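This report describes the fold of one protein chain and then turns to selected residues. Please keep the sequence and the model in view while reading.

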Amino acid sequence: MKKDNTSAPASSWERLPELIRERGLRLTRQRLFLAKLLFEDQKNRHITAADLVRETDKHKMRMSLATIYNTLHQFVEIGLLREVVIDSKATYFDTNLSDHHHFFHEETGELVDISQGEVGIGTLPAPPPDSKISRVNVVIHLQEKDS
């Protein structure tokens, strides 16, 4: 599979099947259906694999959780999605590939984009000599205020 994180998903749903094939994946019925759920409306989405299981069931297109996880991770590998790990129990998949950070509402499980430039990072440690920093991902956890 080709990894290409330099471009966002296709600007229109019609180009996605071609893009998936160009990046080295076979276009299976399951991949096409999940791509449609994720990208057809062209809105930025934060979604979990469990959310997609519910959506596929609602559309009478039953898929196992393993198939959905595998497909989501393949879409991450080819640069169609970004993985946002909240903690050991929560991983979201983000259709917005621009550089941005997130708020995570602990009570509701909602993940919300923070616009680029709204988070300032003063200093980062020097990476080990044989590596470079590829990205910094900030997730700010929120709780309801006490009344």
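In what order do the elements of the protein chain run from the N terminus on? The order is α-α-β-α-α-β-β-β-β-β, and the chain holds four helices and six strands. The model is predicted.

**Overall dimensions and confidence**

The C-alpha trace of the protein chain spans about 45 × 45 × 25 Å along its principal axes. The chain has 147 residues, of which 37% count as buried. Its exposed surface comes to about 9,400 Å², with carbon and sulfur atoms supplying 48% of that area. Among contacts with a separation of 6 or more, 49% are accounted for by residues 24 or more positions apart.

The mean pLDDT of the protein chain is 88, and 91% of its residues reach 70 or more. Over residues 2-8, however, the pLDDT is below 50. Beyond near neighbours in sequence, this stretch has 16 contacts in the model. Where pLDDT is low, the predicted coordinates should not be read in detail.

Helix H3 covers residues 49-58 and helix H4 covers residues 65-77. Thr56 lies in helix H3. Because its relative accessibility is 0%, Thr56 counts as buried. Leaving aside residues up to four places away in sequence, Thr56 touches Phe33, Leu34, Leu37, Met61, Arg62, Met63 and Ile68.

Met63 and Val53 are ten residues apart in sequence, and their C-alpha atoms are 6.8 Å apart in space.

Lys60 is found in the loop between helix H3 and helix H4 as well. Lys60 has a positive phi of about 60° although it is not a glycine.

The chain contains one aromatic pair. Its members are Tyr92 and Phe104, arranged edge-to-face, with 6.0 Å from centre to centre and 65° between the planes. The pair links distant parts of the chain: Tyr92 belongs to strand E3 (residues 90-94) and Phe104 to strand E4 (residues 101-105), twelve residues apart. Tyr92 counts as buried because its relative accessibility is 9%. Phe104, at 8%, counts as buried too.

**A nonpolar patch on the surface**

Which residues form a nonpolar patch on the surface? They are Ile121, Leu124, Ile133 and Val136, which together have about 300 Å² of accessible area. Ile121 is found in the loop between strand E5 (111-114) and strand E6 (139-142). Ile121 counts as partly exposed because its relative accessibility is 41%, a value between the limits of 20% and 50%.

**Accessibility of the residues discussed**

The table lists the relative accessibility of individual residues named above.

| Residue | Relative accessibility | Class |
|---|---|---|
| Tyr92 | 9% | buried |
| Phe104 | 8% | buried |
| Ile121 | 41% | partly exposed |

Note on methods. Residues are numbered from 1 along each chain as its sequence is written. This is a predicted model: local features need pLDDT of at least 70, side-chain atom pairs count only at pLDDT 80 or more; totals for chains, interfaces and linings use all residues. Side-chain values use heavy atoms; hydrogens and water are left out. Rings of Phe, Tyr and Trp (its six-membered ring) pair if their centres lie within 6.5 Å; planes under 30 degrees apart count as stacked, over 60 as edge-to-face and the rest as tilted. Helices (H or I, at least four residues) and strands (E, at least two) are DSSP runs, numbered from the N terminus. Buried means under 20% relative accessible area, exposed over 50%, partly exposed in between (1.4 Å probe, protein chains only). Patches are made of residues with over 30% relative accessible area and no salt bridge: like charges are joined within 9 Å, nonpolar side chains (Val, Leu, Ile, Met, Phe, Trp, Tyr) within 5 Å. Accessible areas come from the Shrake-Rupley method with a 1.4 Å probe; for residues, only the protein chains shown count as cover. A salt bridge is a side-chain nitrogen of Lys or Arg within 4 Å of a carboxyl oxygen of Asp or Glu. Contact means heavy atoms within 4.5 Å. pLDDT is the predictor's confidence in each residue, from 0 to 100.
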